[in-house]
Amino acid sequence: MCVTRAGKVVSTSQGRARVEFFDGRALDDVDVSVVNAKKGAFVEVFGNLALGLLSPAEAKRRKQAWTEVAKAVGAARD
Amino acid sequence: MKADGVLFHAKHAFMPNSLGYCGPDERGQIQRDLEGNRSDEELVQILQKFEAAYPFLKLIARSAGKEVFDYSVPEAYWIGNRLLDSVPVSDFYSFSHHEIKGRDPNKVREVFKRLDGVAPPHHTFYVMSTYATTAAPDGPNVTNEAKRKIAEVVDNCRISWGVVSNVGKDELQVLARRVNVDNGGLFLTRPAVKRVRYNSEVRPFRTVREGDVVSIHWGYACDVLTPRQAKNIARYTSVDISLVNRLMKFEASRR
């Protein structure tokens, strides 16, 4: 299934972007045209489409939430 | 471990994984296992690394008192069946906060609040509710091109279904209903012809024929559905859409 992932736009070219996600992964061909995201913007990506822009504060909160759940899931597995 | 449940789950998780949208980078191994109809421990370990799908299976399984890969569990999650009704909303709420990575806790709270305790842990509901609560521009100024792209990603990401009308070597022609976005809500279009890829090496596609109903994920035919499953996916999708449209109405009224 697709998960919504938040990340940072690190480069753009003709409406497509490389996005580095908070989970450490990256996608090279994200369509950022709907939200008109520029390099440095924080986006919320679904599949390969950026559906929302996040403010830096919101992005920080999301990153924190992701880290906390990742830790909890990791601890539960250990 | 239930072999049929593992394979059913892998068939539906395969395409988004191969596109890099979720799960570990194990496309080749999953494909080989599907083609060989193998559901060994290695495949199970790969499927356990999917960051959303596997936790959902665990949620449904523990509520229903089943094994995670009992066939009925992934069937509930991807297609829909009565096991979804056995998941207490309070458990789903807690799960959404503590076991799914990356979701905005405020949005999770909002979804459950607005739906008055009706929220199925169904893949399509997850997809559509995520869309509904994401800050996508959907006002009168949104271009038709943006609407088309949004509808396309929602349609690809949910599990859809289609009736096979022609069988090609690598492609099936199906009659399927797409999800569209308009007037502040989601709806299913009338059935239209669509082409989807399939792998004839994966059972039971060697014998797929006209009239079969197939499940579809990201333009890829995952499995041939039984009449009961075909009825269920239509029913649960309809419930998901009506719930999500309630959410969208609320989101629109806030803007």
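Q: Leaving aside neighbours within four places in sequence, what is B:Ile60 in contact with?
A: In this predicted model, B:Ile60 is in contact with B:Val73, B:Ala76, B:Tyr77, B:Leu83, B:Val87 and B:Pro121. That list leaves out neighbours within four places in sequence.

Q: And which residues have the most contacts inside the largest nonpolar core?
A: A:Val43, A:Ala50 and B:Ile60. The core itself has 96 residues.

Q: Which domains of chain B does this core draw on?
A: Domain 1 (3-133) and domain 2 (156-254) of chain B each give at least three residues to this core.

Q: Back up a bit. How many helices and strands in chain B?
A: Chain B has 10 helices and seven strands.

Q: Why call chain B as compact as a globular protein of that length?
A: Its radius of gyration is 18 Å, and the globule rule gives 18 Å for 255 residues, so chain B is as compact as a globular protein of that length.

Q: What does the C-alpha trace of chain B span along its principal axes?
A: About 50 × 40 × 35 Å.

Q: What share of chain B is buried?
A: Buried residues are 47% of the 255 in chain B.

Q: And what share of the contacts comes from residues 24 or more positions apart?
A: 63%, counting the contacts in chain B with a separation of 6 or more.

Q: OK, domains. Where is chain B divided?
A: Domain 1 covers 3-133 and domain 2 covers 156-254. Their centres, taken over C-alpha atoms, are 18 Å apart.

Q: Switching to strands. How do strand 6 and strand 7 of chain B pair?
A: In the antiparallel sense, over five bridges. Strand 6 runs over residues 213-217 and strand 7 over residues 220-225. B:His217 has B:Tyr220 in strand 7 as its bridge partner.

Q: How many residues sit between the two strands of that hairpin?
A: Two residues lie between strand 6 and strand 7 of chain B. B:Trp218 is in the turn, with a positive phi of about 50°.

Q: Is B:Trp218 buried or exposed?
A: B:Trp218 is buried, because 24 other C-beta atoms lie within 10 Å.

Q: Which other residue has a positive phi although it is not a glycine?
A: B:Asn37 is one of them, with a phi of about 55°. Most residues other than glycine have a negative phi.

Q: Where does B:Asn37 lie?
A: In the loop between helix 2 and helix 3 (41-47) of chain B.

Q: Buried or exposed, B:Asn37?
A: B:Asn37 counts as exposed, because it has 12 C-beta neighbours inside 10 Å.

Q: What about the peptide bond from B:Arg203 to B:Pro204, cis or trans?
A: That bond is cis, with omega near 5°. Most peptide bonds are trans. B:Pro204 lies in the loop between strand 5 (192-197) and strand 6 of chain B.

Q: New topic: B:Lys149. Which helix is it in?
A: Helix 9 of chain B, residues 144-157.

Q: Buried or exposed there?
A: B:Lys149 counts as buried, because it has 20 C-beta neighbours inside 10 Å.

Q: Which residues is B:Lys149 in contact with, leaving aside neighbours within four places in sequence?
A: A:Asp31, A:Val34 and A:Leu49.

Q: How far apart are B:Lys149 and B:Asp4 in space?
A: 35 Å, C-alpha to C-alpha. In sequence, B:Lys149 and B:Asp4 are 145 residues apart.

Q: Last one, in chain A. Where does A:Asp23 lie?
A: In the loop between strand 2 (16-21) and strand 3 (26-31) of chain A. A:Asp23 is partly exposed, with 17 other C-beta atoms within 10 Å. A:Asp23 and A:Lys8 are 15 residues apart in sequence and 11 Å apart in space, C-alpha to C-alpha.

Technical notes. Residues are numbered from 1 along each chain as its sequence is written. Chains are lettered from A and ligands numbered from 1 in the order in which they are written. This is a predicted model: local features need pLDDT of at least 70, side-chain atom pairs count only at pLDDT 80 or more; totals for chains, interfaces and linings use all residues. Helices (H or I, at least four residues) and strands (E, at least two) are DSSP runs, numbered from the N terminus. The radius of gyration is taken over C-alpha atoms; the globule rule is 2.2 Å times the number of residues to the power 0.38. Two residues are in contact if their C-beta atoms, placed from the backbone, lie within 7 Å. A nonpolar core is a set of buried Ala, Val, Leu, Ile, Met, Phe, Trp, Tyr and Cys residues joined through C-beta atoms within 7 Å. Domain bounds come from an automatic or database domain assignment. Two strands pair if DSSP finds at least two bridges between them.
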